[in-house]
Amino acid sequence: MKCPTCNKPVEWQDNSFRPFCSERCKLIDLGRWVSEEYRVPGKPVAPDAVEDDEDQPASEATSSEFKL
């Protein structure tokens with residue numbers, strides 16, 4: 001198998017970075033996800049359809065939190 005970042009052959013056994021060849025390639029890939037170079041296809045969402053926690057009353061915003 002080849003590393004998805006640099007295309008070098010990957011040692012699969014005893015490789016904690018697989019499917020990448022190294023930590024460097026793993027971090028490069030993570031950076032691409034964080035900077036939104038990679039995207040998962042889906043239907044567009046209208047900005048007004050997205051609700052922010054700030055728009056909800058405090059009791060609703062915290063209702064999903066665990067209570068001790």
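I began with contacts, meaning heavy atoms within 4.5 Å. Among contacts in the chain between residues at least 6 apart in sequence, I found that 5% join residues at least 24 apart.

I note that this is a predicted model, in which local features need pLDDT of at least 70 and side-chain atom pairs count only at pLDDT 80 or more, while totals for chains, interfaces and linings use all residues. Residues are numbered from 1 along each chain as its sequence is written, and side-chain values use heavy atoms, with hydrogens and water left out.

**Entry 1. The whole chain**

I looked up the secondary structure, taking helices (H or I, at least four residues) and strands (E, at least two) as DSSP runs numbered from the N terminus. The chain has two helices and zero strands. I then looked up the accessible area, which comes from the Shrake-Rupley method with a 1.4 Å probe; for residues, only the protein chains shown count as cover. The accessible surface of the chain is about 6,400 Å², and 53% of this belongs to carbon and sulfur atoms. Of the 68 residues, 10% count as buried.

Helix 1 has twelve residues, and I read a reach of 16 Å from its first C-alpha to its last. This is close to the 16 Å expected at 1.5 Å a residue, where the expected span is 1.5 Å times one less than the number of residues. Leu27 has its place in this helix, which covers residues 23-34. Leu27 counts as partly exposed because its relative accessibility is 49%.

I next looked for patches, which are made of residues with over 30% relative accessible area and no salt bridge; like charges are joined within 9 Å, and nonpolar side chains (Val, Leu, Ile, Met, Phe, Trp, Tyr) within 5 Å. Leu27, Leu30 and Val34 form a nonpolar patch on the surface, and together they have about 310 Å² of accessible area.

**Entry 2. Side-chain pairs**

I searched the whole structure for salt bridges (a side-chain nitrogen of Lys or Arg within 4 Å of a carboxyl oxygen of Asp or Glu). The search finds one. The side chains of Glu36 and Arg39 meet in a salt bridge, at 3.9 Å from N to O. Arg39 counts as exposed, since its relative accessibility is 65%.

For aromatic pairs I took rings of Phe, Tyr and Trp (its six-membered ring) with centres within 6.5 Å; planes under 30 degrees apart count as stacked, over 60 as edge-to-face and the rest as tilted. The count by this rule is one aromatic pair. The ring centres of Trp33 and Tyr38 are 5.1 Å apart and the planes stand at 65°, so the pair is edge-to-face. Trp33 is partly exposed at 44% relative accessible area, and Tyr38 is partly exposed at 28%.

**Entry 3. The segment before helix 1**

I turned to the backbone, bearing in mind that most residues other than glycine have a negative phi, and most peptide bonds are trans. Asn7 lies in the segment before helix 1, and its phi is positive, near 70°. Asp14 lies in the segment before helix 1. Asp14 has a positive phi of about 60° although it is not a glycine, and it is exposed, with a relative accessible area of 76%.

What kind of peptide bond joins Arg18 and Pro19? I found a cis bond, with omega about 15°. Pro19 also lies in the segment before helix 1 and is partly exposed, with a relative accessible area of 28%. Leaving aside neighbours within four places in sequence, Pro19 is in contact with Met1, Lys2, Cys3, Pro4, Val10 and Trp12. I read 10.0 Å between the C-alpha atoms of Pro19 and Pro9, which are ten residues apart along the chain.

Glu11 lies in the segment before helix 1 and is exposed, at 59% relative accessible area. The C-alpha atoms of Glu11 and Met1, ten residues apart along the chain, are separated by 8.0 Å.

Note on methods:
Buried < 20%, exposed > 50% of the residue type's maximum accessible area, 1.4 Å probe, protein only.
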